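Work through these exercises with the structure open beside you. Try each task before you read its solution.

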Amino acid sequence: MTFLILLLSYSGCIVSYKLNGASIDYTRIKTVTIRDFSNLAPLVYPPLAQKFTEDLRDNFQRRTRLSMQPNGGDLSIEGEIVGYDLAAEAVQEDAYSAKTKFTMRIKVRYSNRINPDEDFEREFSSFTTFDSNIMFTEVQDGLCKELIDDIIQQIFNATVENW
């Protein structure tokens with residue numbers, strides 16, 4: 001182990017770890033604007049748009065050193081909730097569904113004023129299934145949180161982790 005440390009110090013190698021996963025050049029990128037997401041899904045769950053927007057902002061504030069700006073940030077994220085769907089899955093021989101698939105889709109527009117080549121517009125989605133014997137209203141909040149967390153991670157990966 002001592003040999004490895006000496007070898008690295010003599011060779012001039014720099015080992016860098018990013019504990020938050022973000023690959024942001026903080027000398028050039030200092031601010032982010034995350035606009036309120038609107039809910040354009042055919043099936044509307046009233047608290048969803050506000051919850052999604054707040055959780056996305058919280059995630060960026062927790063995991064980066066970027067300052068949140070209402071307008072004109074170096075990075076800008078905006079979009080709409082375009083899908084909030086339930087579909088029968090695993091239909092049994094008695095023609096009843098054993099599982100229900102819950103899917104959420106979010107359309108995102110991302111712009112990077114410092115490096116416009118990274119701009120994109122795309123849709124992120126996530127889904128989960130639950131037992132059809134359970135009323136959706138009983139599990140809706142928990143499942144929404146699960147899907148929101150997953151989509152926010154996808155957005156974070158695509159924007160500041162450059163995946």
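This is a predicted model: local features need pLDDT of at least 70, side-chain atom pairs count only at pLDDT 80 or more; totals for chains, interfaces and linings use all residues.

**Exercise 1. Describe the fold: how many helices and strands does the protein have, and in which order?**

Solution. Count the elements: there are 3 helices and 6 strands. Now read along the sequence, and the pattern is α-β-β-α-β-β-β-β-α. Finally, look at the contacts between residues at least 6 apart in sequence. Of these, 69% join residues at least 24 apart.

**Exercise 2. Follow the pairing of β5 with β4 and with β6.**

Solution. Begin with β4, residues 75-91, and β5, residues 97-112. The two strands run antiparallel and are joined by 15 bridges. Move on to β6, residues 120-131: this strand pairs with β5 over 12 bridges, again in the antiparallel sense. Now pick out Lys 107 in β5. Lys 107 is the bridge partner of Glu 80. In β6, Glu 123 stands opposite Lys 107.

**Exercise 3. Is Asn 59 buried or exposed?**

Solution. First place the residue: Asn 59 lies in helix α2, residues 48-63. Then read its relative accessibility, which is 7%. Buried means under 20%. Asn 59 therefore counts as buried. Last, check its contacts, leaving aside neighbours within four places in sequence: Asn 59 touches Ile 152 and Phe 156.

**Exercise 4. Is Thr 128 buried or exposed, and which residues is it in contact with?**

Solution. Locate Thr 128 in strand β6. Its relative accessibility is 12%, so Thr 128 counts as buried. Thr 128 and Leu 143 are 15 residues apart in sequence, and their C-alpha atoms are 7.5 Å apart in space.

**Exercise 5. What share of the protein's residues is buried, and what is its accessible surface?**

Solution. Start with burial: 38% of the 163 residues are buried. The accessible area is about 9,900 Å². Carbon and sulfur atoms account for 53% of that area.

Technical notes:
Residues are numbered from 1 along each chain as its sequence is written. Side-chain values use heavy atoms; hydrogens and water are left out. Two strands pair if DSSP finds at least two bridges between them. Helices (H or I, at least four residues) and strands (E, at least two) are DSSP runs, numbered from the N terminus. Buried means under 20% relative accessible area, exposed over 50%, partly exposed in between (1.4 Å probe, protein chains only). Contact means heavy atoms within 4.5 Å. Accessible areas come from the Shrake-Rupley method with a 1.4 Å probe; for residues, only the protein chains shown count as cover.
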